[in-house]
Amino acid sequence: MRILIVLLFLGFSINKTFAQDTLHFKTKPIVKDASYSGGGMEDLYYYVNNNFNYNNVKKTDIPQTSKKQSYFIFYVVFAISEDGKAFEFSPKEIKEDNSFYKEAVRVIASVRWNPSLVGNEYKKQFLVLPIKASVNE
């Protein structure tokens, strides 16, 4: 009787098993955003702060609205190329000929970046970096 039960169990379990030739999964490509190659955002700001040369900026370029404050904030928009260089710079809330903007572009252009990838292919990505410039004496 035990043998009969074991054989029935094996017989039913064999009938319910099957092999599928192919599995079809819809896959989405892995998207990897552009990033600073030297670490995280804190590391990037440390680099920008330590390499921003205030000798290259003019006090006359401080915006009128920020004259009585100890700092002002402007934004630098740029893209990351396939080889990890920043390009296509444009200013936000500051003029392009402003010496603070030019100095920020100089520093950001000296940074190495990890390019944005979709799957394993390069994808142009724009970044916006806020810069907090000190206007103290």
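Predicted model: local features only at pLDDT ≥ 70, side-chain atom pairs only at ≥ 80, totals over all residues.
View 1. The axes of H2 and H3 lie 10 Å apart, at an angle of about 125 degrees; axes are lines fitted to C-alpha atoms over the stretch in contact, and angles run from 0 to 180 degrees between N-to-C directions. H2 and H3 are therefore oblique to each other, a class left over once angles under 35 degrees (roughly parallel), over 145 (roughly antiparallel) and 65 to 115 (roughly perpendicular) are set aside. Helices are DSSP runs of H or I with at least four residues, strands are E runs of at least two, and both are numbered from the N terminus.

**View 2. Residues joining H2 to H3.** Tyr47, Val48 and Asn51 of H2 meet Glu103, Arg106 and Val107 of H3, where contact means heavy atoms within 4.5 Å.

**View 3. The largest nonpolar core.** This core has 27 residues, of which Phe74, Val76, Phe78, Phe100 and Trp113 touch the most other members. Such a core is a set of buried Ala, Val, Leu, Ile, Met, Phe, Trp, Tyr and Cys residues joined through side-chain atoms within 4.5 Å; buried means under 20% relative accessible area with a 1.4 Å probe, protein chains only. H3 supplies the largest share, six residues.

**View 4. Surroundings of Phe74.** Beyond residues up to four places away in sequence, Phe74 touches Phe100, Tyr101 and Ala104, among others including Leu129, Pro130 and Ile131.

Residues are numbered from 1 along each chain as its sequence is written. Local features need pLDDT of at least 70 and side-chain atom pairs pLDDT 80 or more, while totals for chains, interfaces and linings use all residues, and side-chain values use heavy atoms, without hydrogens and water.

Terms used: Buried < 20%, exposed > 50% of the residue type's maximum accessible area, 1.4 Å probe, protein only.
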